[in-house]
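Dear colleague,

Here is the structure I said I would pass on. My notes on it follow below.

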Amino acid sequence: MTEIKRPVGRRDWRTRLIQPEVGAPGGFVSLVPAVHRGSTVVFERLADAQDDWRTGRYTYGLYGTPTVLELGARIADLEGAHHSFVVPGGQAAIVLIYLAFCTAGSHALVPESAYGPNQELGPGLLEGLGITVETYPPTIGAGIADRIRPATRLIWCESPGSITMEVQDVPAIVAAAHARDVPVALDNTYAAGILFDAFAAGVDLSMQALTKYVGGHSDLLLGSVSVRDDAAYARVGPVHRLLGLAVSPDDCALALRGLETLAVRLAALERSTLAIATWLKARPEVGNVLHPGLPDCPGHAIWQRDFTGSASVFSFVFADEWDADRVARFVDALRLFRIGYSWGGTTSLVMAYPAPGSNARSYGARLVRLNVGLEATQDLIGDLEHALALAEGEQG
Ligand SMILES: *Cc1c(COP(=O)(O)O)cnc(C)c1O
């Protein structure tokens, strides 16, 4: 093997591959947040290498790179939080909150309308750890006081609820909980952390699936846990660290980009969604339209009192004579509304919930959830009209 010629005193080229002696000029200033990838963080001196999560200093990529911490700081700023932890998804945010506040012997309360996988955590994981999770009717309001036990360590709210869209009286639940020193956590995904001011309503923890409106394009999974004060920060911080909830800086960079268009997307989605919900309400095939901005929705008056706007996801219930087969024909006949879970992206989506275990069970198999995207409203209404006609026609 011939040696590559190099000037005397220069390090071997194989070393320079790893530890380069040249680089790009400094002074680059752009509008775009930098994507900092990195697991190891290097220190000037050994004494700098101390590893205390509370100092906020960089120690290891798992605990945050500048890209991840920038997203957290931006979310905390928008929500008026003391601090926001960025985690791999909304479900990870939910688990983090449970494990920060509940230990063996604890009791937690969660609304019957909560996001399905949140409700599955009780039987699927927490009961095995000695934590009792009890569901409560979402419209319970101040009546939550009767469900609080000496062992209650956490009360969940989610407003509006997933699928069935009940708007909760969060301030009333917070008042009853705080009278007994019980913290309240809110799943504020519907509001994008914006349309409902969680901390003004008194909650201790507000989480969202950044996957939905902050990401906004169905191309990432991220979540956030925002804490009200230093007491909640001190509970969540160590557990966040121990769970090893690493997130990708690339995903965080996409979420930071999503933030730039959040206001215009939410405004356009609200307009189009209200137009479609109102159109459906006038159709003879449709019974209730469960959109928080319309009077059919349980808690509509609370929504008017507490929210500054509505979002893109809502449900409607077909008239009594509709059965699961006819609902499936309707869903299958849609062309622009794509069949899929999740929401908050640019594409319109539809899902039906015929499963008896779903919180939509009280509506039989007649409930359909829509996520309105950024397609032209008239085309989406045309798609619904066409599918209604096909579902009827094939009925014979
Ligand atoms: C989607 C969603 C979650 C879970 O978020 P992921 O990022 O998919 O894990 C939690 N809560 C609500 C209300 C959601 O809609």
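**Strand 9 and its neighbours**

Strand 9 and strand 12 (residues 367-371) run antiparallel and are joined by five bridges. In that pairing, Val317 stands opposite Leu367 of strand 12. Please keep in mind that this is a predicted model.

Strand 9 also pairs with strand 8 (residues 286-290), again in the antiparallel sense, over three bridges. There, Leu290 has Ser315 of strand 9 as its bridge partner.

Which way do the residues of strand 9 point? Val313, Ser315 and Val317 point one way, Phe314, Phe316 and Phe318 point the other way, and all are buried. In a regular strand, side chains alternate between the two faces of the sheet. Because six of the six residues of strand 9 (residues 313-318) are buried, the strand is largely enclosed by the rest of the structure.

Seven strands make up an open sheet with mixed pairing, in the order 1-7-6-5-4-2-3. Its edge strands are strand 1 (83-87) and strand 3 (132-136), each of which pairs on one side only. On average, neighbouring strands of this sheet are turned by 20° against each other, direction ignored.

Helix 2 (residues 66-79) lies across strand 1, strand 6 (205-209) and strand 7 (223-227), and runs at about 130° to strand 1. Helix 6 (residues 230-243) also lies across strand 1, strand 6 and strand 7, but runs at about 25° to strand 1.

What do the buried residues of helix 5 pack against? They pack against strand 3, strand 4 (152-158) and strand 5 (184-187). In helix 5 (residues 170-179), the buried residues are Val170, Ala172, Ile173, Val174, Ala176 and Ala177. An α-helix has 3.6 residues a turn, so residues three or four places apart point the same way. Just after helix 5, Asp181 takes a positive phi of about 60°.

**A surface patch**

Trp13, Leu17 and Ile18 form a nonpolar patch on the surface, and their accessible area together is about 350 Å². Leu17 belongs to helix 1 (residues 13-18). Leu17 counts as exposed because its relative accessibility is 59%, the cut-off for exposed being over 50%.

Regards

Conventions
Residues numbered from 1 in each chain as written. Predicted model: local features only at pLDDT ≥ 70, side-chain atom pairs only at ≥ 80, totals over all residues. Heavy atoms only, no water. Patch = residues over 30% accessible without salt bridge, like charges linked within 9 Å, V, L, I, M, F, W, Y side chains within 5 Å. Areas by Shrake-Rupley, 256 points an atom, 1.4 Å probe, with all protein chains shown as cover. Salt bridge = Lys/Arg side-chain N within 4 Å of Asp/Glu carboxyl O. Helix = DSSP H or I, 4+ residues; strand = E, 2+ residues; numbered from the N terminus. Buried < 20%, exposed > 50% of the residue type's maximum accessible area, 1.4 Å probe, protein only. Pairing = 2+ DSSP bridges. Axes fitted to C-alpha atoms, helices over the stretch in contact; angles between N-to-C directions. Contact = heavy atoms within 4.5 Å.
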